[in-house]
Structures are given as structure tokens and as C-alpha cells.
Amino acid sequence: METGADNPAIDAIFASWDKPGSPGCALAVARNGDLVYSRGYGYANLDYDIPVTPQTVFDVASVTKQFVAAVANILAQDGTVSLDDGVRQWLPELPEYASPITLRHLIHHTGGLRDYLNLFPLAGSHDYYAVSREQLLAMMSRQRAPVFAPGERYEYSNTGYMLLAHALERAAGKSLGELAHERIFEPLGMDGSLMYENREVIIPRRATGYHQDDDGNLRVVHNYDFEIAGDGQLYTTVEDLLRWDDYLHGADKPAIHQSMLTEGTLNNGEPIEYAHGITLGEYRGLRTVGHGGHSWGFLTELRRYVEPGLSIAVSCNAEYGDPGELARRVADHYLADQLGPEEGDDEEDDADDEDEDSPAAPSLSSAELAAFAGSFFSAELDATYRFAAGDEGLTLRVEQQPALEVQPVAEDEFRVEFESRGWAASPARLKFDRDASGAVAGFSLSSGSERGLVFERRPGLEVR
């Protein structure tokens with residue numbers, strides 16, 4: 001289905017997707033709530049050659065966060081919760097840290113919690129692992145301390161929104177899906193929208209997610225097992241996204257509008273350019289609000305250009321797409337007479353200075369590597385790492401996963417890359433420590449934003 005007259009200039013932006021045998025994208029554009037163009041390009045399902053349409057249902061990943069924040073604000077207005085409640089008020093299983101983490105910290109990504117999408121792969125979970133609310137809560141209950149004190153800095157956290165959703169469910173006595181349906185989807189006529197909470201549910205018009213290997217071969221990467229909503233797992237259409245966008249930002253503002261657009265601040269008063277699941281930005285002189293999403297096989301961009309009232313939603317079922325760039329090119333077309341000059345690329349070189357200045361990696365003999373062989377346990381991950389030394393070097397097995405090569409980078413420090421086809425942990429740095437006799441006693445692991453995960457040697461555990 002197409003809405004509005006044909007627009008060859010817009011269709012040309014999506015030309016690379018609009019061909020046989022290709023995953024695709026759906027586009028919807030509205031001005032002040034009125035839909036001016038919507039169209040699908042490419043295929044929602046390559047097994048049966050089902051084309052993408054504006055009514056195709058996509059996993060919109062982190063765009064979900066503003067809907068979870070909206071539920072939190074609705075419940076706060078009802079008096080069911082306060083956004084300044086400590087999260088332990090609703091999830092007492094979590095540790096009691098020196099400074100309490102509030103629901104507001106979770107909304108603004110300032111809680112300092114480690115990201116579960118990094119922790120579970122580090123604990124040996126396989127690709128497309130299924131995580132339950134109970135598993136997630138158990139993982140976070142084992143963390144000895146936050147990465148930083150709540151409110152000290154902004155660091156994007158999927159864990160925060162998962163715990164926020166769980167807290168809201170306990171407070172309201174209903175699932176997040178039920179709350180979103182009753183308070184948002186049904187009243188707004190978002191008939192193609194649901195929170196994905198049951199892998200067995202039939203979802204009409206659902207797209208399949210795809211990625212491609214280094215040779216360009218397509219493969220299915222949709223994670224059907226991931227069935228708890230919070231940081232993601234909203235399944236919806238581009239037209240439904242614009243129904244929501246017009247409700248929140250349109251002429252008749254809802255009661256939650258002001259709080260949803262309230263920018264977070266750090267303890268020192270510094271603003272973070274992030275409101276309630278909504279990024280506050282600017283593009284070529286125009287103020288924008290919105291969010292992007294990236295999940296297994298799916299990418300989405302929802303962006304509103306505030307003063308012109310132009311809203312754009314783009315969803316793609318290919319992990320190698322760039323809906324943010326597509327949406328910007330669509331905005332360039334519709335707002336050509338209102339945009340400022342194109343911004344130059346003044347970004348600094350992102351080269352890793354640490355590697356640039358690091359000394360040459362040490363070369364260790366088999367005898368020296370043998371000091372690191374053995375089993376080490378992390379209570380925070382509830383996982384055992386088993387190291388073996390041989391003529392080929394040091395290798396690591398995490399639980400039942402295949403062995404990984406471990407590279408020395410400095411004295412008592414090693415680097416290991418965790419391989420995964422789905423979400424993957426960043427390369428990890430292992431820093432070993434020794435006891436008074438000089439024997440290796442344990443190590444700390446840092447990977448991406450996750451720092452200082454503690455492992456202790458466990459004598460007697462078999463190395464295999």
C-alpha cells in the first residue's frame with residue numbers, strides 16, 4: 001500500500017532495497033500528524049517472497065524504551081509508582097549499594113548498572129540465548145557494585161530498562177505488554193503493535209530479520225526466543241509509530257508530554273541530551289526528538305523535526321542497513337527550504353590510542369603460560385573460565401563454549417575476543433593478580449563498558 005501521490009525522489013533513496021531477493025524497509029512520513037507518504041521496499045520474508053508494506057510488523061528494538069518510559073510516567077501520574085522510588089522498593093532482590101538507584105536513574109541511563117547484553121555472553125550464553133525476568137534479576141543481584149555511582153555519568157543501559165519494566169510490572173500487577181496495550185496501543189488505534197512476551201504467539205504481517213556474511217550471503221538472524229520486553233521487543237509498524245509520535249508531540253499534548261521530554265541531568269547538574277527514552281538532538285539547525293533501534297536482524301529510526309512538525313519512521317529487516325541515514329535523506333527532501341547548511345565531518349580520529357602507545361606484546365614460553373592454566377570462577381557471572389596452556393599458546397573455554405585464543409598484551413595481562421553471530425561482548429581484557437608467593441590467584445575482566453568483573457582461582461576444578 002502507498003499513501004499520497006508517487007514520490008520518485010523518495011523512492012530513489014530506497015532504490016537499493018527495492019529489488020528481488022533483498023530484505024527491505026518500510027517508510028512512513030507525517031506532517032503535523034497527517035500521513036503524507038508511506039511505502040514498503042524489498043521483502044519482509046524471502047522464503048515466500050512477501051513484500052514489505054507500511055503495515056509490515058518489525059521488531060523496533062530500542063525504540064521500545066520510550067514506550068516503557070511512557071508506562072512509567074502514566075503509572076507515576078496514577079500514583080502507582082514515583083519515578084524517585086528506589087528500584088529496590090519493587091525489586092528487593094537487587095543488592096543494596098552505597099547510593100540508591102531510582103527508577104528515574106534507570107530511565108535516564110544514569111544508574112551505573114552493567115549491561116546484561118554484555119554479561120550473558122561473558123558468562124558463556126550461546127547465540128540467541130533466551131533470558132527470563134528471573135535470570136536477569138538473578139544476574140544483577142550478583143553484581144558487587146555498580147560501574148559508577150548513580151547519577152555520576154550517563155552510560156546507555158539495556159539493563160536499566162529491563163529492570164524498569166520488571167519494577168512496573170510488580171507495581172501494577174500486570175505484564176508490560178498488558179499495560180502498554182491498555183494504556184497506549186488500544187486507545188491510539190495502534191492495531192499492529194504488541195510487546196513480544198510469548199515466542200509462540202502468531203503475529204500477522206511479521207517480518208523476518210536478516211544479515212549477511214562477508215561474502216554477501218544472506219542468513220536469518222531473527223531471535224524468536226527473546227521474549228521479555230523492556231529494553232526492546234516492541235513489534236510494530238511504521239504507521240503505528242507515527243500514531244504514537246503525533247499523540248505525544250502533536251497539537252493536543254497528553255498529560256505525560258512534559259515529563260517525557262524532561263532532559264536528564266547528572267549529579268553535578270550537567271544535562272545529558274536524553275529525556276525519557278527519547279534523544280534530544282539537532283539536525284542542520286532544526287531541533288529533533290526521537291530514538292533509533294538495533295536488534296537481531298532489525299533496524300529502526302523514529303525522528304521528529306519539532307518546529308516543522310515533520311515525523312519520519314523507517315524500519316528495515318536487514319542488520320546491515322542504516323535507517324538513520326535514510327531518514328535524514330527523506331528529511332532533506334521534505335525540509336529542503338528549512339534546513340541549514342550541511343554539517344561537516346569534524347569528528348576526531350577514533351583510533352585506539354591505547355594500542356598505538358602500548359609496548360609490544362610479550363612472548364611467553366609454555367612454562368610461563370602454565371602459571372595461568374586452571375579454573376577461575378566469577379560469582380557475578382556465575383560462570384567458570386578454564387585456561388589451558390600448550391605449545392600453541394593459552395586458550396580459554398567459557399562454560400561449554402568452544403575454546404578461544406588468548407593473547408598476551410602486557411605483563412600478567414591478556415586479551416580475548418568472544419565470537420558470536422548475535423549480540424557479542426566486546427574484546428575482553430584480563431588482568432591477573434598474584435598472591436604473596438607469586439602464584440596466579442585470580443584476575444579481573446573488563447569488556448566494553450563492563451569493568452572489574454572478579455574471578456578467583458578454584459583449585460580442583462577440572463580443566464578440559
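**Salt bridges in a predicted model**

Let me begin with arginine 303, which forms a salt bridge with glutamate 301, their closest N and O atoms lying 2.7 Å apart, where a salt bridge is a side-chain nitrogen of Lys or Arg within 4 Å of a carboxyl oxygen of Asp or Glu. Both arginine 303 and glutamate 301 are buried, a term that stands for under 20% relative accessible area, with exposed meaning over 50% and partly exposed in between, using a 1.4 Å probe and protein chains only.

Before going on, please keep in mind that this is a predicted model, in which local features need pLDDT of at least 70 and side-chain atom pairs count only at pLDDT 80 or more, while totals for chains, interfaces and linings use all residues. Residues are numbered from 1 along each chain as its sequence is written, and side-chain values use heavy atoms, with hydrogens and water left out.

In total, the structure contains 22 salt bridges. One of them joins arginine 284 to aspartate 332, at 3.2 Å from N to O. This pair links distant parts of the chain, 48 residues apart, with arginine 284 in the loop between strand E10 (279–283) and strand E11 (286–295) and aspartate 332 in helix H10 (residues 323–334); helices (H or I, at least four residues) and strands (E, at least two) are DSSP runs numbered from the N terminus. Arginine 284 is buried at 14% relative accessibility, whereas aspartate 332, at 24%, is partly exposed.

Finally, glutamate 155 and arginine 153 form a salt bridge with closest N and O atoms 3.6 Å apart, and here glutamate 155 is partly exposed at 23%, as is arginine 153 at 32%.
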